[in-house]
Amino acid sequence: MKLIFVGPPGGGKGTQARLLQARRAIPQIATGDILREAIAQDTALGRDARRSMEAGELVPDAVMIAIVEERLRRPDAYEGFVLDGFPRTLPQAEALEETVNRMQRRIDRVVDFQIREEILIRRLSGRRVCQVGGHIYHLEYQPPREAGLCDIDHSPLYQRDDDRPEAIRRRMEVYQVETLPVLDFYQARSVYAALDAEGEVEEVYDRLLAVVDRR
Ligand code: ADP
Ligand code: AMP
């Protein structure tokens with residue numbers, strides 16, 4: 001199954017992609033996670049991307065397109081993947097289409113996570129992420145068993161720099177301007193599916209499966 005998740009910051013894409021990965025063994029390709037890992041390892045990519053990310057701006061298209069092309073070529077992505085957070089601009093969507101065609105593959109579903117902005121802000125301001133594996137928590141909605149520690153690998157949880165109010169505001173604007181055109185691009189095609197992303201995690205997961213398994 002080859003899926004693309006498009007949705008605003010805090011829409012629950014990462015949470016749902018990780019569930020699909022755990023329960024259906026579909027690899028999650030999260031461009032935000034790839035960049036955060038590069039920052040943690042202090043690679044050239046990490047050093048270049050850091051400032052844009054902290055400010056809530058996008059990393060340049062050419063950089064992101066190259067990362068995703070390389071990732072899609074790895075053997076574990078052959079059978080399927082969930083692209084989480086890519087494409088985020090129209091040029092990225094066009095480049096992805098070319099890549100997928102060149103590799104003679106086909107996207108099965110583009111899932112549009114739909115959710116009201118006031119809910120997003122509450123989700124983003126309470127988000128906490130594990131330092132080692134990027135596991136996602138929420139202070140109120142998805143608290144870890146032990147405060148401040150990841151259930152899975154017991155590493156400390158931190159708040160992302162871009163989950164602070166100023167960066168959140170900027171990311172919302174960037175989503176409206178840069179990413180909504182991506183949805184227009186897919187909307188006219190049969191792969192497009194809207195998902196009501198409000199409600200509890202398991203409820204959203206059930207709706208997601210209905211969308212993904214629809215023939
Ligand atoms: P995205 O990847 O779209 O930015 P995340 O999956 O990281 O979003 O979710 C953002 C925050 O909202 C996290 O703190 C996560 O725990 C929480 N969250 C995700 N889905 C839900 C949900 N259905 N209900 C409540 N909180 C959620
Ligand atoms: P995310 O983890 O998906 O919320 O992404 C965090 C940040 O990483 C974004 O705000 C951007 O700065 C950067 N980023 C992730 N994916 C992309 C992308 N496809 N294009 C440009 N920037 C990206």
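Strand β5 (residues 127-130) and strand β6 run antiparallel and are joined by three bridges; two strands count as paired if DSSP finds at least two bridges between them. Helices (H or I, at least four residues) and strands (E, at least two) are DSSP runs, numbered from the N terminus. Within this pair, Arg-128 has Tyr-137 of β6 as its bridge partner. The model is a predicted one, in which local features need pLDDT of at least 70 and side-chain atom pairs count only at pLDDT 80 or more, while totals for chains, interfaces and linings use all residues. Residues are numbered from 1 along each chain as its sequence is written, chains are lettered from A and ligands numbered from 1 in the order in which they are written, and side-chain values use heavy atoms, with hydrogens and water left out.

The two strands belong to an open sheet of three strands, in the order β6-β5-β7 and with antiparallel pairing. At its edges are β6 (136-138) and β7 (157-158), each of which pairs on one side only. Helix α6 (residues 117-125) packs on this sheet and touches β5 and β6; the direction of α6 makes about 40 degrees with that of β5. Contact here means heavy atoms within 4.5 Å. Axes are lines fitted to C-alpha atoms, for helices over the stretch in contact, and angles run from 0 to 180 degrees between N-to-C directions.

Another open sheet has five strands, ordered β2-β3-β1-β4-β8, with parallel pairing. Strands β2 and β8 (192-196) stand at the edges with a single partner strand each, so one side of each has no neighbour in the sheet. From one strand to the next, the twist averages 25 degrees. Between β2 and β3, the parallel pairing extends over three bridges, and the bridge partner of Gln-28 in β3 is Val-82. In both kinds of sheet the general rule applies: strands pair through backbone hydrogen bonds, either parallel or antiparallel.

Helices also lie across the five strands. Helix α1 lies across β1 (2-6), β2, β3 and β4 (109-114), and runs at about 160 degrees to β1. Helix α2 lies across β2 and β3, at about 65 degrees to β2.

Packing between helices comes next. Two packed helices are described by the angle between their axes and the distance between the axes. Helix α2 (residues 31-40) packs with helix α4 (residues 61-72) at an angle of about 100 degrees, and their axes are 11 Å apart. The two are therefore roughly perpendicular to each other; angles under 35 degrees count as roughly parallel, over 145 as roughly antiparallel, 65 to 115 as roughly perpendicular and the rest as oblique. Thr-31, Ile-34 and Leu-35 of α2 make the contact with Met-64, Ile-67 and Val-68 of α4. These residues divide into five nonpolar, one polar and no charged, where Ala, Val, Leu, Ile, Met, Phe, Trp, Tyr, Cys and Pro count as nonpolar, Asp, Glu, Lys and Arg as charged, and the others, Gly among them, as polar.

Helix α5 (residues 90-102) and helix α7 (residues 165-187) have axes that come within 8 Å and cross at roughly 40 degrees. That angle makes α5 oblique to α7. On the α5 side, Leu-90, Ala-93, Glu-94, Leu-96 and Glu-97 meet Glu-178, Pro-181, Val-182, Phe-185 and Tyr-186 of α7. By class, this contact has seven nonpolar, no polar and three charged residues.

Two loops hold backbone features to note. Most residues other than glycine have a negative phi, and most peptide bonds are trans. Ala-25, in the loop between α1 (13-24) and β2 (28-30), has a positive phi of about 55 degrees although it is not a glycine. A cis peptide bond, with omega about 0 degrees, joins Phe-86 and Pro-87; Pro-87 is in the loop between β3 (81-84) and α5.

The ligands remain. Around ligand 1 there are 19 residues, of which Lys-13, Thr-15, Arg-127, Tyr-137 and Gly-199 come nearest; a residue counts as near if one of its heavy atoms lies within 4 Å. A backbone N or O atom of Gly-199 is 2.7 Å from a nitrogen atom of ligand 1, and a polar backbone atom of Gly-10 is 2.8 Å from an oxygen atom of ligand 1. Around ligand 2 there are 16 residues, and the nearest are Thr-31, Arg-36, Glu-57, Gln-92 and Arg-160. A backbone N or O atom of Glu-57 lies 2.6 Å from an oxygen atom of ligand 2.

Key
Polar contact = N/O pair within 3.5 Å; in protein donor to acceptor, adjacent residues only side chain to side chain.
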